[in-house]
Structure formats: C-alpha cells, structure tokens
Amino acid sequence: MQRENGAWRAVGAQIFGTFAPLVIIAAAVIQYVGAGFAINLFGKVSPEAVIWGRITFAAVFLLLMIRPRWQELHGKWKLAILFGIVLTGMNFAFYKALAYIPLGTAVALEFLGPVVLAGLTGRGWRVRLALAISVCGVFLISWAGIDLQNREVQLGVFWILLAALCWAFYIILGRKAAHLGMGQSVLAVGMAAGALLFTPFTFGAALGAVTNLYYLGLLLLIAFMASVIPYAAEMAVMKHLKTEVFSLLNSLYPATSLLVGMFMLRQIPSWGEVAGLVAITCAVVLVSVGEKYTTSSER
C-alpha cells in the first residue's frame, strides 16, 4: 500500500511539474476575471460593499481551507494581526483604485511595490536597471497613458500607489511569517483579523448587497475567484517549480490583467499604458529572477 501511495504521489508530482506554468497562468486569468466581475458590480453597489464581501468571504474560505493551527501563533499574534491589516489594506486600496482606473493600469502600477522593495534591499546592476525601467513605465502610464488632470484618475492613482506600498510591507511580513514556519496560519488568521478591522468601515455599504441573493452570490464568486482558487493553485504547484521560474511567471500578471480588461471590460489601453505596462513587466522580470517574493495571488 505504501508503495502504491508513493507511486501515485510521484505521478502527481510529475503532472504538476509539467503543467505547473499553465496552472499558474490559469490562476492569474481567474483572479483578474474575478476582479472584472467586481468592476462590473461597481455600477450596481458601492465599491465598499464589494470590498467588504471580497475580504470577509475570502477570510472565511481561507479559514476553512487552511484550518490554522492556533498553537503556532502563540506569542505571534501581533505579527498575524499586522500582516492581516497590511493584506486587507492592500485589497481595500486595490479595489478602490479599480473604481477609477483600468484594471491593467492598476495592476502594473501596483507592481511598483515589490520592484521598489527590491531596489531598496537588493544589489547589482539588475536591480538598478529595473528601477530605471519601472520609473520610465510609471512615466508612460501616468503622463502619456492616463489623464492626471482628471480628479477620478488622481484618486485611482493614489489608491493604487497605497496598494503598492501595502504590498511591499506584505512581502516583508510574509517572509518573516514563512521564516518562522507559520505562513499559512498567519495568512488565514490575518485575513480574518483584517476583515474584522475593516467591517465597521464597509459593512454599512454592504447591507444592501448581502440582502440581495444575486449580489450575495456575486460577492461569494469574487472572493472565491480572486483569493481561494489562485491561492490553492499556487500551494499545489509551488513545490514543483524553481523559484526563478515561479517569479518569471509572476511577471505575467500585468499582461494578463491588461488582456482581461480589454476582452471582459472593453478597457482599450492607450499606447502609453501599453508601453508602460511592458516596461514594468520587464522590470518585474529583472528583479524577480532568483528572488523569493511572496506572490500576488492573495490580493
């Protein structure tokens, strides 16, 4: 029996190892399609209602899926709560930005968080070149790609840069939790803590949505697509991919979001947005190869 189990595990590892890149790309598409549903829902309910459903239901799903070992968190509650505040703050700011700027633009600008963090902590020509390219990308998006004179666009850029800042701290805290061997428990408990923290600011707006079965179903779908499926996919394939391969696949997220925005939301990018997105994607490739970053699926 043990030999049979070992054989099945070997077959599973071979399958995941072969198709892992396709799984990650599919997870990225699902994640941003979920964001697309959220954007479409903004016209019917407030962004705060969508944000509440996204964070709260994702927390419930993760608690049920991970089943955190509470003894792991003994003496580490501050880390879990701080991680949760940063994680849910990142989600809050990201979805607020989606109410004002296109999905592809938002994702590209949010990647400035890990790129700048790499620039502050990394060394070598690759990091410096990546920073220079990312600055060019931001210039192309912000000054040539979108109208910064528009008040709503200004709000969108503000929120997405706040999300990028949260992402940088999310990476720092996530690394610390992973180093302590308690990453999964911190993720689930932190998301739940963050949901509790943001509920007083968002639940009032969500009342109308949760009492409507159609909107409630969409909120559940958004939370499942934007968090649970990508997270489960990454957990299943990460151990079968080299770090540099996984990081390179991570750089496909901006392009994926741009394509989803074009085909699902009819958000046709300008030449500046496309050029800026390509530049930031190149910067992500440069700084991510060989780096052990926490990925973006928990957004």
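At what angle do helix H4 and helix H11 pack, and how far apart are their axes? H4 (residues 103–110) and H11 (residues 253–265) pack at an angle of about 165 degrees, with axes 7 Å apart. Axes here are lines fitted to C-alpha atoms, for helices over the stretch in contact, and angles run from 0 to 180 degrees between N-to-C directions. That makes H4 roughly antiparallel to H11; angles over 145 degrees count as roughly antiparallel.

A word on the basis. This is a predicted model, in which local features need pLDDT of at least 70 and side-chain atom pairs count only at pLDDT 80 or more, while totals for chains, interfaces and linings use all residues. Residues are numbered from 1 along each chain as its sequence is written, and side-chain values use heavy atoms, with hydrogens and water left out.

Now the overall layout. The protein has twelve helices and zero strands. Helices (H or I, at least four residues) and strands (E, at least two) are DSSP runs, numbered from the N terminus. Of the 299 residues, 51% are buried. Buried means under 20% relative accessible area, with a 1.4 Å probe and protein chains only. The protein exposes about 14200 Å², and carbon and sulfur atoms supply 68% of that area. Accessible areas come from the Shrake-Rupley method with a 1.4 Å probe; for residues, only the protein chains shown count as cover. Among contacts with a separation of 6 or more, 89% join residues 24 or more positions apart. Contact means heavy atoms within 4.5 Å.

Back to H4 and H11. Their crossing is right-handed, meaning that the near helix is turned clockwise from the far one by less than a right angle. H4 contributes Leu103, Gly104, Val107 and Ala108 to the contact. H11 contributes Tyr253, Pro254, Ser257, Leu258, Val260, Gly261 and Leu265. These residues divide into eight nonpolar, three polar and no charged. Ala, Val, Leu, Ile, Met, Phe, Trp, Tyr, Cys and Pro count as nonpolar, Asp, Glu, Lys and Arg as charged, and the others, Gly among them, as polar.

How much of H4 is buried? Eight of its eight residues are, so H4 is largely enclosed by the rest of the structure. The buried residues include Thr105, Ala106, Leu109 and Glu110.

H11 also holds Thr256. Thr256 is buried, with a relative accessible area of 11%. Leaving aside neighbours within four places in sequence, Thr256 is in contact with Ala28, Val29 and Tyr32.

H2 (residues 47–66) packs with H3 (residues 77–98) at an angle of about 145 degrees, and their axes are 10 Å apart. The crossing of H2 and H3 is right-handed. On the H2 side, the contact uses Glu48, Val50, Ile51, Arg54 and Ile55. On the H3 side, Thr88, Asn91, Phe92, Tyr95 and Lys96 take part. This contact divides into five nonpolar, two polar and three charged residues.

Gly53 lies in H2. Its relative accessible area is 0%, so Gly53 is buried. Leaving aside neighbours within four places in sequence, Gly53 is in contact with Ala58, Leu219 and Ala223. The C-alpha atoms of Gly53 and Leu220 are separated by 7.0 Å, although these residues are 167 apart along the chain.

Ala130 gives another such pairing. Ala130 sits in helix H6 (residues 125–145) and is buried, with a relative accessible area of 0%.

Methods
Angles under 35 degrees count as roughly parallel, over 145 as roughly antiparallel, 65 to 115 as roughly perpendicular and the rest as oblique. Buried means under 20% relative accessible area, exposed over 50%, partly exposed in between (1.4 Å probe, protein chains only).
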